[in-house]
Each structure stands twice: as structure tokens, then as C-alpha cells.
Amino acid sequence: MINDSDIKRILESGPATLSQISHKLIDDNPTAPPSRIYHDVNIKAHQLVKYRHLVTIQHDGREYFALPDNLEITNPDIGPRPHHKIGAYIESLPEGATFTYRDITARFGVSMSTAYTSLKNARN
């Protein structure tokens with residue numbers, strides 16, 4: 001269903017995570033079952049790495065797949081999960097800005113423990 005050329009075509013614009021690749025292919029093939037696309041992308045991408053057609057890059061705790069000649073990450077995967085959104089929010093704040101756990105829980109509608117974990121794992 002998914003060919004090696006489909007994955008390489010998507011990676012021509014820059015490195016991407018498996019999730020980003022899968023979402024693009026789901027948008028391109030709306031009639032295909034998403035679970036099948038996720039499965040095929042996972043297998044194909046790892047096979048392409050095994051045979052050295054692709055390389056992997058570790059960035060911000062995520063694994064990106066890239067063509068060997070295009071290693072610059074231009075579209076980082078912030079993901080749909082709350083801790084990704086909280087991390088992106090923190091990075092967008094000006095230096096010296098202050099906030100509390102309550103600010104984070106109110107803004108994103110998450111529990112105090114999710115806010116704590118997200119802030120603990122934030123880069124800055």
C-alpha cells in the first residue's frame with residue numbers, strides 16, 4: 001500500500017517523525033484505513049534506515065527520519081498532546097516571564113500532575 005517512494009517524497013521537504021509522515025499520507029489517501037498506514041509507514045521507514053536509504057536524527061526526545069543529504073529539521077513535531085503544547089507555550093514566552101502551575105492548568109485544562117511533569121521536562 002505505502003511505497004518507499006511515498007516516504008522519500010515526503011522527506012524531500014525535510015526530516016519528519018513517523019507521526020508526521022503518517023498524517024501526510026493519511027491526508028493524501030483518505031480512503032485508506034489509518035491504522036494500516038501507521039503500520040506500513042513504521043515498517044517501511046525502519047527498513048529504509050536498515051538499508052541506509054534514510055538516517056535517523058534524535059532531536060528533543062523524538063526520532064526524526066531524514067534523507068542522508070537533508071538533515072536540517074525545519075518542521076519540528078510538537079505533537080497534539082498537552083505536554084507538547086505546554087512546552088511550545090513555554091518556549092514562546094519572553095525571557096524572564098513568570099507563571100504558576102495554576103496558570104498552566106487553567107490555560108490548557110490539564111491536571112496539576114500533568115502541568116508538573118510538563119514543566120519538569122521542559123528544556124528552559
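Reader: At roughly what angle do the axes of α1 and helix α2 cross in this predicted model?

Author: In this predicted model, α1 and helix α2, the latter spanning residues 18-28, have axes that come within 10 Å of each other. Angles of 65 to 115 degrees count as roughly perpendicular, and α1 is therefore roughly perpendicular to α2. The crossing of α1 past α2 is right-handed, and the angle is roughly 110°.

Reader: Which residues of α1 and α2 make the contact?

Author: By class, the contact of α1 with α2 has five nonpolar and four charged residues, and no polar ones. On the α2 side stand I21, K24, L25 and D28, and on the α1 side D6, I7, R9, I10 and L11.

Reader: Against which elements do the buried residues of α2 pack?

Author: The buried residues in α2 are Q20, I21, S22, L25 and I26. Of the residues named here, I21 and L25 also take part in the contact with α1. The elements against which the buried residues of α2 pack are α1, α3 and β2.

Reader: How is α1 oriented relative to α3, roughly parallel or roughly perpendicular?

Author: Two packed helices are described by the angle between their axes and the distance between the axes. For helix α1 (residues 4-11) and helix α3 (residues 34-50) the axes are 10 Å apart, and the angle is about 80°. Since angles of 65 to 115 degrees fall in that class, α1 is roughly perpendicular to α3.

Reader: How many charged residues does the contact of α1 with α3 have?

Author: From α1, the residues D4, I7 and K8 meet V41, K44, A45 and L48 of α3. Sorted by class, this contact of α1 with α3 has four nonpolar residues, no polar residues and, as the number asked for, three charged residues.

Reader: Which residue in the turn between β1 and β2 has a positive phi?

Author: Strand β1 (residues 55-59) and strand β2 (residues 62-66) run antiparallel and are joined by five bridges, with H59 standing opposite R62 in β2. The two strands form a hairpin that has two residues between them. The turn residue with a positive phi, of about 55°, is D60.

Reader: Does T105 count as buried or exposed?

Author: T105 belongs to helix α5, which covers residues 101-108. Leaving aside residues up to four places away in sequence, T105 touches V110, S111, M112 and A115. The cut-off for burial is under 20% relative accessible area, and because T105 has a relative accessibility of 18%, T105 counts as buried.

Methods. Residues are numbered from 1 along each chain as its sequence is written. This is a predicted model: local features need pLDDT of at least 70, side-chain atom pairs count only at pLDDT 80 or more; totals for chains, interfaces and linings use all residues. Side-chain values use heavy atoms; hydrogens and water are left out. Axes are lines fitted to C-alpha atoms, for helices over the stretch in contact, and angles run from 0 to 180 degrees between N-to-C directions. Helices (H or I, at least four residues) and strands (E, at least two) are DSSP runs, numbered from the N terminus. Angles under 35 degrees count as roughly parallel, over 145 as roughly antiparallel, 65 to 115 as roughly perpendicular and the rest as oblique. Contact means heavy atoms within 4.5 Å. Ala, Val, Leu, Ile, Met, Phe, Trp, Tyr, Cys and Pro count as nonpolar, Asp, Glu, Lys and Arg as charged, and the others, Gly among them, as polar. Buried means under 20% relative accessible area, exposed over 50%, partly exposed in between (1.4 Å probe, protein chains only). A crossing is left-handed if the near helix is turned anticlockwise from the far one by less than a right angle, and right-handed if clockwise. Two strands pair if DSSP finds at least two bridges between them.
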